[in-house]
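Please open the model in your viewer and keep the selection tool at hand.

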Amino acid sequence: MRRILFLMFAALVMCASQVMADTLKISVIGAGNVGGTLGTLWTKAGHSVMFSSRHPEELADLVKRAGANARAGSVTDAAAWGDVIVLSVPYGAMPVLSEQLKGKLGGKVVFSTSNPFSGRDGDVGSKALEMGAALADQQYLPGVHLVRAFNAVGYASMKDESGKGKAIPVFADDAQAKDLGARLVRDAGFLPVIFPLARANEGLPRGPLSGLWNEAELKGRLAP
Ligand SMILES: NC(=O)c1ccc[n+]([C@@H]2O[C@H](COP(=O)([O-])OP(=O)(O)OC[C@H]3O[C@@H](n4cnc5c(N)ncnc54)[C@H](OP(=O)(O)O)[C@@H]3O)[C@@H](O)[C@H]2O)c1
């Protein structure tokens, strides 16, 4: 009898640790339209999320809506807390964030939805477009495992679920970034198709990979 009880206990512990392993701590820096929406989808998928911005005291309503797995914190808190850091800010914020996050993200996966635009982001946006968004990200955040996704998905279609089940390009090079990036995209309800980081500009709004929601069609664009 004791042996059976022990085996049942061991099985329970194994299940619990599997659940733990399946649950991520996701820090969302930039908790606006996109960051707030994705973070909420991820809490509903069972992950724990810390929302942050320059004004974390203004994020109480978002935290409440996202549920028990959500909290708010400063940018520095978020950088230290998450297993993965989601960056969802206007690209013009990158130089400031680069300084603020210096030495704090080394080795972590950074998942960016942040798009450079010349109009909105001025010189910072123009330079990033010219060199390529992924290369610019890596210059601002050296040493991270970078993944870029959701760059041409309107936040409204994430929120009202009209995009659910559609394929989107996910730009990453190393295994950790590919795995975690694909997982976060799936847990938000979309199908990931992995492309190399060098092609990240193609996934920007109005880029040649934007608006291709069909998995087979998107995969067909994998050949350079
Ligand atoms: N809107 C879309 O449908 C969509 C779709 C795909 C990709 N994108 C891209 O995703 C990014 C976010 O877009 P969004 O529409 O979610 O923008 P948004 O609603 O304006 O949200 C931006 C967030 O970034 C925060 N922020 C700004 N500067 C910051 C800084 N220096 N440090 C920390 N947080 C900062 C803002 O909060 P505080 O001002 O309180 O700091 C706010 O929470 C953009 O690059 C956008 O081009 C947008």
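What covers the buried residues of helix H7? The cover includes helices H5 (94-100) and H6 (118-131), together with strands E5 (109-112), E6 (145-149) and E7 (167-172). Please bear in mind throughout that this is a predicted model.

**Helix H7**

Select residues 133-140, which form H7, and colour Ala133, Ala134, Ala136, Asp137 and Tyr140, which are buried. Viewed down the axis of H7, these buried residues fall within an arc of 160°, so they line one face of the helix.

Next, select E6, one of the elements covering H7. Five of the five residues of E6 are buried. His145, Val147 and Ala149 point one way from the strand, while Leu146 and Arg148 point the other way.

E5 runs parallel to E6 and is joined to it by four bridges. E7 pairs with E6 in the antiparallel sense, over three bridges.

**The nonpolar core**

Move to Val147. In the largest nonpolar core, which has 60 residues, Phe51 and Val147 touch the most other members. Beyond its neighbours within four places in sequence, valine 147 is in contact with Val109, Phe111, Val170, Phe171, Ala172, Ala177, Leu180 and Gly181. In soluble globular proteins, nonpolar side chains tend to be buried together.

**The ligand shell**

Display the ligand and the 26 residues around it; Gly30, Gly32, Val34, Ser53 and Arg54 come nearest. Which helix gives the most to this shell? H2 does, with three residues. Helix H2 (33-44) and H5 each supply at least two residues of the shell. By type, the shell divides into 13 nonpolar residues, twelve polar and one charged.

**Leucine 204**

Finally, select leucine 204, in the loop between strand E8 (191-195) and helix H10 (215-220). Leucine 204 is partly exposed, with 18 other C-beta atoms within 10 Å. Not counting residues up to four places away in sequence, leucine 204 touches Asn115, Ala133, Asn151, Ala152 and Ser210. Among these contacts, Ala133 leads back to H7, where Ala133 is one of the buried residues. To end, draw a distance between the C-alpha atoms of leucine 204 and aspartate 121: these residues are 83 residues apart along the chain, and the atoms are separated by 15 Å.

Methods: Residues numbered from 1 in each chain as written. Predicted model: local features only at pLDDT ≥ 70, side-chain atom pairs only at ≥ 80, totals over all residues. Buried ≥ 20, exposed ≤ 12 C-beta atoms within 10 Å, placed from the backbone. Arc of directions from axis to C-beta. Contact = placed C-beta atoms within 7 Å. Near = placed C-beta within 6 Å. Nonpolar A, V, L, I, M, F, W, Y, C, P; charged D, E, K, R; others polar. Core = buried A, V, L, I, M, F, W, Y, C linked by C-beta atoms within 7 Å. Pairing = 2+ DSSP bridges.
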